[in-house]
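Start by looking at the model below.

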Amino acid sequence: MKLDCKHIWRELSNYLEGEVSEEVRRDVEAHVAQCRHCAALLDSTHNVLVLVADERRMDLPIGFNSRLRERLEREMSISGPE
Amino acid sequence: MADQQGAKKEKEYRLIDSVLAGNREDFHELIAPYRRGVYLTAYDVLQVEADAEDVAQEAFLKAFRALRSFRRESQFSTWLFRIAINEARMKLRKRREVPLETLFPDEDSENSDYTPMMLKDWREIPSEALLNEETRRLVRESIAQLPEKYREVLTLRDVNGKNIAETSEILGISIGNTKVRLLRARLMLRDIFVERTQRKPRQQTPRGVSP
């Protein structure tokens, strides 16, 4: 089956997840090999997601852990879990 | 991998039992692996450091108080993140943000397509531009510009690295809806990001909305 651009867009997210069947994967790859629009879309979306994943390394605010601990300890000294 | 997961779960259950038996301070150990993730989730929903810290603290306190009601049908972290997302949503309600949702079609229906923006040259985002501080700021701002429900799904899956099943459980929506929402979130984010990187420097269009 040949996929048109709309189909590619619909599968794009699943494709990036590696969550498409072998057949769909081949169709997507065949399509982007000859459609530079979809190729650019796929690449740029992938790149943005790499950047987003980088956010994971963002630092916690300084003192976050100790403030949290303090607040929890205050709670714990009052009462336990209901 | 499966064994590791199992061992982790067992350890968590042991800690939960211990907390419930009166060793309250074991709660610190129980939540230690999730402090960063819960904070990041709150931050991505709220976009303000102080608010995110409040919400994260509040979520951990709630989890502590409600620990007995954790049913052990889902993972502890799933339960915890659900509390955090709900806290963040409540905070957001209070703040009443400008509804950006109107910019984008709103249903999650399986057949409603999102059409990615057609750029004149469709150029890729140049990969050498990707690592500087400016770019990271742009990413953060672009995430901030997503409508709330897309920001949530993207934060859980793409920032926190939760899998689709966990993400759908935390959000309380079906796997199918999670995938559709995620697809849109990713395409929208890319559009917003590309649009921002191509904008002339120092130009200040309010919220980056195209004319």
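Helices (H or I, at least four residues) are DSSP runs numbered from the N terminus, as are strands (E, at least two). Axes are lines fitted to C-alpha atoms, for helices over the stretch in contact, and angles run from 0 to 180 degrees between N-to-C directions.

## Basis

This is a predicted model: local features need pLDDT of at least 70, side-chain atom pairs count only at pLDDT 80 or more, and totals for chains, interfaces and linings use all residues. Residues are numbered from 1 along each chain as its sequence is written.

## Between the chains

Helix 1 (residues 5–17) of chain A packs on helix 9 (residues 175–198) of chain B at about 95°, with axes 9 Å apart. That makes the two helices roughly perpendicular (angles of 65 to 115 degrees; under 35 is roughly parallel, over 145 roughly antiparallel, the rest oblique).

Contact means heavy atoms within 4.5 Å.

## Within chain B

Helix 3 (residues 35–46) of chain B and helix 4 (residues 49–65) of chain B pack at about 130°, axes 8 Å apart. They are therefore oblique to each other. Contact residues include B:Tyr39 of helix 3 and B:Phe60 of helix 4.

## Two domains

Chain B is divided into domain 1 (2–96) and domain 2 (119–198); the bounds come from an automatic or database domain assignment. Their C-alpha centres lie 24 Å apart. In domain 1 of chain B, 17 residues are in contact with 15 residues of domain 2.

Note on methods
Chains lettered and ligands numbered in written order. Heavy atoms only, no water.
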